[in-house]
Amino acid sequence: MRKAIIAGATSGIGKELAKILAENNYMVGITGRRNELLAELKIEQPERFITKNFDITNLETTIVKLKELTEELGGLDLLVISSGTGDLNDTLNFETEKRTIDTNVMGFTNIVDWAFNYFKNQNSGHLVAITSIGGLRGGRQAPSYNASKAYQQNYFEGIRQKVKKLNLPITITDIRPGLVNTEMAKGEGLFWVMPVKKAANQISNAIKKKKKIAYITKRWALVALFMKLVPGFIYDRM
């Protein structure tokens, strides 16, 4: 039986992906800040889930808990970073921006570095991050969210380059969802908001295929292309 950890499995994509992995012969370590939600998920398949309650912004505790969880699982083949946050912040309240940076940059990097070194020593592994299409350009409504997702995408590209240079059998997968019907979907005039289960199923398929980058759902690749091509003087007015 293969072993996986999902950092951020209390709700949304992480929760649905945990269910899918459990149904596909994985033993899954599920983590998150809300212990009661982890307990609810464990009840669904108690023989397939191991819970560990922590906040990834607590950097030292995170590594301790990841090590404990890996030992309880009996190893680790796949680690998915689904933890993330982002709030609308038109007034640029610094505490809002800091909360996003602490989670999406500091917490993210801490987990990635630990997982990379674990898989390097093991000489195998698959590291996945749920980033966002928002990382392709800046965003006026939630500047730190878009910027932090750009950081994640660039950091993963650097890790993938490092893997290639060292000739390591490690897969690095950057999942870039568009709008998914979760707590993270905020703002007015949203379109193409996809159901969580549909998104999770496509993410599961991308993981199985060991994709480098996957847009979820696939039609969001068209939006990504537009975002990359639109000139700055036009984008500034959007």
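Where is Asn-123 placed? Asn-123 is in the loop between α4 and β5 (125-130). Notes on this and other points follow.

1. **Basis.** This is a predicted model, in which local features need pLDDT of at least 70, side-chain atom pairs count only at pLDDT 80 or more, and totals for chains, interfaces and linings use all residues. Residues are numbered from 1 along each chain as its sequence is written, and side-chain values use heavy atoms, with hydrogens and water left out.

2. **Overall fold.** The protein chain has eight helices and seven strands. Helices are DSSP runs of H or I with at least four residues, strands are runs of E with at least two, and both are numbered from the N terminus. The radius of gyration is 17 Å, close to the 18 Å that the globule rule gives for 238 residues, so the chain is as compact as a globular protein of that length. That radius is taken over C-alpha atoms, and the globule rule is 2.2 Å times the number of residues to the power 0.38. The C-alpha trace spans about 55 × 40 × 35 Å along its principal axes.

3. Of the 238 residues, 51% are buried. Buried means under 20% relative accessible area, exposed means over 50%, and partly exposed lies in between (1.4 Å probe, protein chains only). Among contacts with a separation of 6 or more, 63% come from residues 24 or more positions apart. A contact means heavy atoms within 4.5 Å.

4. **α1 with α6.** Helix α1 (residues 12-23) packs on helix α6 (residues 196-208) at an angle of about 60°, with the axes 9 Å apart. That makes α1 oblique to α6. Angles under 35 degrees count as roughly parallel, over 145 as roughly antiparallel, 65 to 115 as roughly perpendicular, and the rest as oblique. Axes are lines fitted to C-alpha atoms, for helices over the stretch in contact, and angles run from 0 to 180 degrees between N-to-C directions. Residues of α1 in the contact include Ile-13, Leu-17 and Ile-20, and those of α6 include Val-196, Ala-200 and Ile-207. The contact residues divide into seven nonpolar, three polar and two charged. Ala, Val, Leu, Ile, Met, Phe, Trp, Tyr, Cys and Pro count as nonpolar, Asp, Glu, Lys and Arg as charged, and the others, Gly among them, as polar.

5. **α4 with α5.** Helix α4 (residues 94-122) and helix α5 (residues 143-166) pack at about 15°, with axes 9 Å apart. That makes α4 roughly parallel to α5. Their contact has 13 nonpolar, six polar and five charged residues.

6. **α3 with α4.** The axes of helix α3 (residues 59-73) and α4 come within 10 Å and cross at roughly 35°. Among the contact residues are Leu-59, Ile-63 and Leu-66 of α3, with Met-106, Ile-111 and Trp-114 of α4. By class, the contact has seven nonpolar, four polar and one charged residues.

7. **Backbone points to check.** Most residues other than glycine have a negative phi, and most peptide bonds are trans. Asn-123 has a positive phi near 70°. At 46% relative accessibility, Asn-123 counts as partly exposed. Leu-92 has a positive phi of about 55°. Leu-92 sits in the loop between β4 (78-81) and α4, and at 54% relative accessibility counts as exposed. The peptide bond from Ile-216 to Thr-217 is cis, with omega near -10°. Thr-217 is in the loop between β7 (213-216) and α7 (220-229).
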